[in-house]
Amino acid sequence: MPSTRRPYAVSDDALSNLLHEERRFPPPEELAASANVTEETFAEADADREAFWAKQAERISWESKPTQTVDWSNPPFAKWYADGTLNAAYNCLDRHVEAGKGDKVAFHFEGEPGDSRDITYAELTKEVCQAANALTELGVDAGDRVAIYMPMIPEAVVSILACARLGAPHVVVFGGFSADALATRIQDCEVEVVITADGGYRRGSASALKPAVDEALKSCPEVKKVLVVKRTGQETEMVEGRDVWWDDTVAKASTEHTPQAFEAEHPLYVMYTSGSTGKPKGILHTTGGYLVGTSYTHWATFDLKDNDVFWTAADIGWVTGHSYLVYGPLANGTTSVMYEGTPDTPHQGRWWEIVDKYKVSILYAAPTAIRTFMKWGAEIPQKYDLSSLRVLGSVGEPINPEAYVWYRKNIGGDRTPVVDTWWQTETGMHMISPMPGVANGKPGAAMRPIPGVSIDVVNDEGKSVENGHGGYLVIREPWPAMLRTLWGDDQRFIDTYWSRFEGMYFAGDGAKKDEDGDIWLLGRVDDVMNVSGHRMSTTEIESALVSHPRVAEAAVVGATDETTGQAIVAFVILRSGGEVDADKGADIVAELRNHVAKEIGPIAKPRQIMVVEELPKTRSGKIMRRLLRDIAENRELGDVTTLQDSSVMNLIKDNMAGSRED
Ligand code: WT7
């Protein structure tokens with residue numbers, strides 16, 4: 001069916017720019033006084049970008065120091081620090097032990113059932129050496145790919161670093177993915193060894209993982225060995241000759257292992273991410289630039305200090321887990337928290353209990369989690385002592401101003417800056433974020449590019465837009481942690497990211513520059529709607545809805561409409577205590593439509609608003625607007641395989657009948 005949706009066009013600058021946000025949050029004085037990043041840092045990076053990144057390379061221990069910074073002679077294929085050699089695991093482990101920090105805690109691990117374990121840098125180093133020795137025994141050599149399909153347990157980190165130590169690129173597949181998804185990735189990357197676990201704990205019970213590996217491997221005959229961690233102790237079938245227990249191999253291996261240095265451009269890992277069409281893309285990250293980029297941004301964006309306790313509440317199966325749970329924090333010798341389970345197991349205060357227990361000072365979470373906490377109510381975090389927190393981070397989607405303010409106020413005690421970090425699996429590192437010691441924070445804005453990063457917003461012709469205007473978000477210069485290609489498909493790499501605008505990386509996101517030149521993200525460009533010739537961003541209408549006191553979460557889509565081209569259809573979740581009964585439903589709907597009209601303008605008034613209990617989300621928490629569009633347009637549902645919980649779609653469909661407003 002041909003789409004009636006118009007291509008995203010911004011040359012006439014019709015992109016809605018109407019939502020006003022006047023609140024400002026300057027940095028706390030104390031933080032500003034000792035900030036890692038200051039205005040001088042920006043000036044220094046602007047004066048000589050390459051020299052800036054050459055200097056940041058000194059954060060890393062090189063076996064042989066690079067004399068080159070970036071080689072951009074063959075765009076879009078960049079090389080960073082190309083003549084340097086290093087070992088990524090050595091940088092994350094041994095060097096801290098050698099510097100006398102062996103007793104520092106690397107991870108406070110908190111299992112879902114309540115078990116916990118503190119792991120020091122010395123202990124982690126030993127375990128990684130053991131795993132590297134065991135993998136070598138299993139036949140893993142430098143360059144071989146290893147798939148990791150695990151729950152959020154310390155052995156997942158150990159596995160990743162053991163691969164890095166051997167120069168064997170890891171391919172972590174999120175433990176919530178199906179056997180099929182695992183098989184596709186194993187095949188695409190020609191993996192020969194898989195590391196997994198019997199199971200993990202999720203929502204209060206043991207959930208098996210190994211059977212999905214067995215299922216996947218039916219179509220992956222090249223896989224020779226499977227290494228299995230015992231986490232839950234549930235009954236697990238082992239295939240003779242192929243499967244071995246971690247306890248029988250890794251735990252018995254030598255704790256001595258000499259790391260070998262690899263070239264800076266040696267592949268570090270492949271992480272698959274789905275596009276709107278086609279098979280998943282294998283994003284390739286390499287060693288030196290990635291380590292410099294992640295360690296620098298982890299230090300800069302969060303204003304990291306030696307005694308911070310840092311918590312990235314994301315799964316290791318996503319890039320956030322790779323860059324800010326493993327490589328950035330460990331390269332910086334940070335103490336981190338790692339939590340296995342869900343936020344409401346065994347109770348809705350679990351996260352805050354953990355913050356209180358470990359005195360977490362920096363928390364990094366997704367807007368979807370924050371809006372869930374809003375829905376549960378502020379009285380839950382209020383029961384805990386959260387005074388250790390000093391910086392809060394957000395990642396994954398635009399954060400609505402209301403969610404930002406709620407987060408700052410109810411979690412951050414109205415003292416902590418909120419850093420809204422924009423980046424992608426492809427960028428490997430933060431690209432746009434307020435710097436907590438300098439930014440005059442605006443709720444909902446990602447503010448400025450990271451020092452040394454060159455971002456722009458351009459129109460259809462690829463020309464920079466003026467302040468106060470919207471367009472396409474692009475990256476103008478190479479950056480150290482950038483993806484190098486798509487695994488096995490250079491052409492798709494060029495076509496996907498580098499062909500829309502000459503000489504620029506196109507991220508797929510819409511953005512606007514406000515009057516001060518600060519950047520606001522407007523969502524993926526294919527989420528932009530066109531209503532009666534006015535282009536409007538789903539993000540802005542969602543933000544307007546969430547600014548109503550009774551709304552916890554909102555998803556907006558454009559549905560084909562005979563009259564207006566597209567019509568705005570909104571799905572909202574009310575805050576707890578705000579359930580509506582059938583006859584009152586119409587009141588809140590009318591109220592919300594008027595609220596949007598007041599906040600943005602009558603043109604933005606949704607044609608329909610549906611009050612729902614849940615929204616369809618991918619496993620990484622992104623709303624699947626495509627499915628909501630199917631519902632809004634009364635179509636058969638498209639592919640639902642990446643949906644986290646497929647029952648929500650039926651719930652929403654049942655709700656839809658008779659909800660149309662005229
Ligand atoms: C897409 C990348 C970044 C790691 C997790 C997601 C959206 C991400 C923000 C933000 C607005 C954001 C963009 C981007 N996104 N962070 N702070 N504000 N949008 O990684 O799965 O590769 O997704 O997520 O649309 O392109 P990913």
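About 1,500 Å² is buried between domain 1 and domain 3, and carbon and sulfur atoms give 51% of that area. Buried area here is the accessible area (1.4 Å probe) that two parts lose on being put together, summed over both. The size of an interface is often given this way, as the accessible area lost when the parts come together.

A word on ground rules. This is a predicted model, so local features need pLDDT of at least 70 and side-chain atom pairs count only at pLDDT 80 or more, while totals for chains, interfaces and linings use all residues. Residues are numbered from 1 along each chain as its sequence is written, and side-chain values use heavy atoms, with hydrogens and water left out.

**Domains and their interface**

The protein splits into domain 1 (29–87 + 266–523), domain 2 (88–260) and domain 3 (532–660), with bounds that come from an automatic or database domain assignment. The centres of domain 1 and domain 3, taken over C-alpha atoms, are 29 Å apart. On contacts (heavy atoms within 4.5 Å), 17 residues of domain 1 meet 20 residues of domain 3.

What holds charges together across this boundary? The count between domain 1 and domain 3 is two salt bridges, each being a side-chain nitrogen of Lys or Arg within 4 Å of a carboxyl oxygen of Asp or Glu. E553 forms a salt bridge with R371, and their closest N and O atoms are 3.4 Å apart. Six residue pairs, both members at pLDDT 80 or more, are in polar contact across the interface of domain 1 and domain 3. A polar contact is a pair of N or O atoms within 3.5 Å; within protein, one must be able to donate a hydrogen and the other to accept it, and residues adjacent in sequence count only if both atoms are side-chain atoms.

On the side of domain 1 that touches domain 3, the elements giving two or more residues are helix 14 (367–376), helix 15 (401–411) and strand 25. Helix 14 gives the most, with five residues. Helices (H or I, at least four residues) and strands (E, at least two) are DSSP runs, numbered from the N terminus.

**Two open sheets**

Strands count as paired if DSSP finds at least two bridges between them. Seven strands make an open, mixed sheet in the order 5-4-17-16-18-19-20. Its edge strands, strand 5 (116–120) and strand 20 (418–421), each pair on one side only. Neighbouring strands of this sheet are turned by 20° against each other on average, direction ignored. Helix 15 lies across strand 18, strand 19 and strand 20, running at about 150° to strand 19; axes are lines fitted to C-alpha atoms, for helices over the stretch in contact, and angles run from 0 to 180 degrees between N-to-C directions.

Four strands form another open sheet, antiparallel, in the order 21-22-24-25. Strand 21 (455–458) and strand 25 (519–524) are at the edges with a single partner strand each, so one side of each has no neighbour in the sheet. The twist averages 45° from one strand to the next.

| Strands | Sense | Bridges |
|---|---|---|
| strand 18 (362–365) and strand 19 (391–395) | parallel | four |
| strand 22 (470–475) and strand 24 (505–513) | antiparallel | five |

A365 stands opposite S394 in strand 19, and Y505 in strand 24 is the bridge partner of I475.

P75 and P76 are joined by a cis peptide bond with omega about 5°, and P76 is in the loop between strand 1 (70–71) and strand 2 (79–80). The peptide bond from T345 to P346 is also cis, with omega near 0°; P346 lies in the loop between strand 17 (335–339) and helix 13 (350–358). D303, a residue other than glycine, has a positive phi near 50° and is in the loop between helix 11 (287–301) and strand 16 (309–312).
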